[in-house]
Amino acid sequence: MSKDFVVRYHKGYDCFFSDPGDTKSMKCRVCGVECVVEINVNGAHDYFYCPNSEKQWHDRALRLLMESEKFESRTLRDLVYDEYKDFLLAWGVLAPK
Ligand SMILES: [Zn+2]
């Protein structure tokens, strides 16, 4: 665990913007938890972000999810997506079925 770790939010994954009042709640696409919301940021929009984003497992899960989505091939996509889900299971983020 490096203390130099820098939180980076990825729009559309673990942070979202909406017009003020438009969206009541958002769920993080990476880990599925309810996002924290900041209302009326700069008077221009509501800002949602995942409270887990600062955790290193979240960063890795995010990378796996992004990676899975860049493939044209469904086979490769499913493969990486499965790894992403296994990773969340291993961290106890997803409950086993
Ligand atoms: Zn999250």
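Trainee: What makes S1 and strand S3 (residues 45-49) a pair?

Mentor: S1 and S3 are joined by four bridges in the antiparallel sense. Two strands pair if DSSP finds at least two bridges between them, so S1 and S3 qualify.

Trainee: What should I keep in mind about the model and its numbering?

Mentor: Residues are numbered from 1 along each chain as its sequence is written. The model is predicted, with local features needing pLDDT of at least 70 and side-chain atom pairs counting only at pLDDT 80 or more, while totals for chains, interfaces and linings use all residues.

Trainee: How many helices and strands are there, and what counts as one?

Mentor: There are two helices and three strands, arranged as β-β-β-α-α along the sequence. Both kinds are DSSP runs numbered from the N terminus: helices are H or I with at least four residues, strands are E with at least two.

Trainee: How do you know which strands stand at the edges of the sheet?

Mentor: The sheet is open and antiparallel, in the order S1-S3-S2. Strand S1 (15-18) and strand S2 (36-41) each have a single partner strand, so one side of each lacks a neighbour in the sheet. Neighbouring strands here are turned by 20° against each other on average, direction ignored.

Trainee: Which features mark the pairing of S2 with S3?

Mentor: S2 and S3 also have four bridges in the antiparallel sense, and Val 37 stands opposite Phe 48 in S3. Their hairpin has three residues between the strands, and Asn 42 there takes a positive phi near 55°.

Trainee: Why are H1 and H2 called roughly antiparallel?

Mentor: The axes of helix H1 (residues 56-69) and helix H2 (residues 74-90) cross at roughly 165° and come within 8 Å. Axes are lines fitted to C-alpha atoms, for helices over the stretch in contact, with angles from 0 to 180 degrees between N-to-C directions. Angles under 35 degrees count as roughly parallel, over 145 as roughly antiparallel, 65 to 115 as roughly perpendicular and the rest as oblique, so this crossing is roughly antiparallel.

Trainee: What makes residues of H1 and H2 count as in contact?

Mentor: Their C-beta atoms, placed from the backbone, must lie within 7 Å. Among those that meet are Leu 64 and Leu 65 in H1, and Tyr 84 and Phe 87 in H2. The contact residues divide into eight nonpolar, one polar and four charged (Ala, Val, Leu, Ile, Met, Phe, Trp, Tyr, Cys and Pro count as nonpolar, Asp, Glu, Lys and Arg as charged, the others, Gly among them, as polar).

Trainee: Where do the domains lie, and how do they meet?

Mentor: Domain 1 spans 11-51 and domain 2 spans 55-91, with bounds from an automatic or database domain assignment. Their C-alpha centres are 22 Å apart. Four residues of domain 1 are in contact with six of domain 2; on the domain 1 side these are three nonpolar, no polar and one charged.

Note on methods. Contact = placed C-beta atoms within 7 Å.
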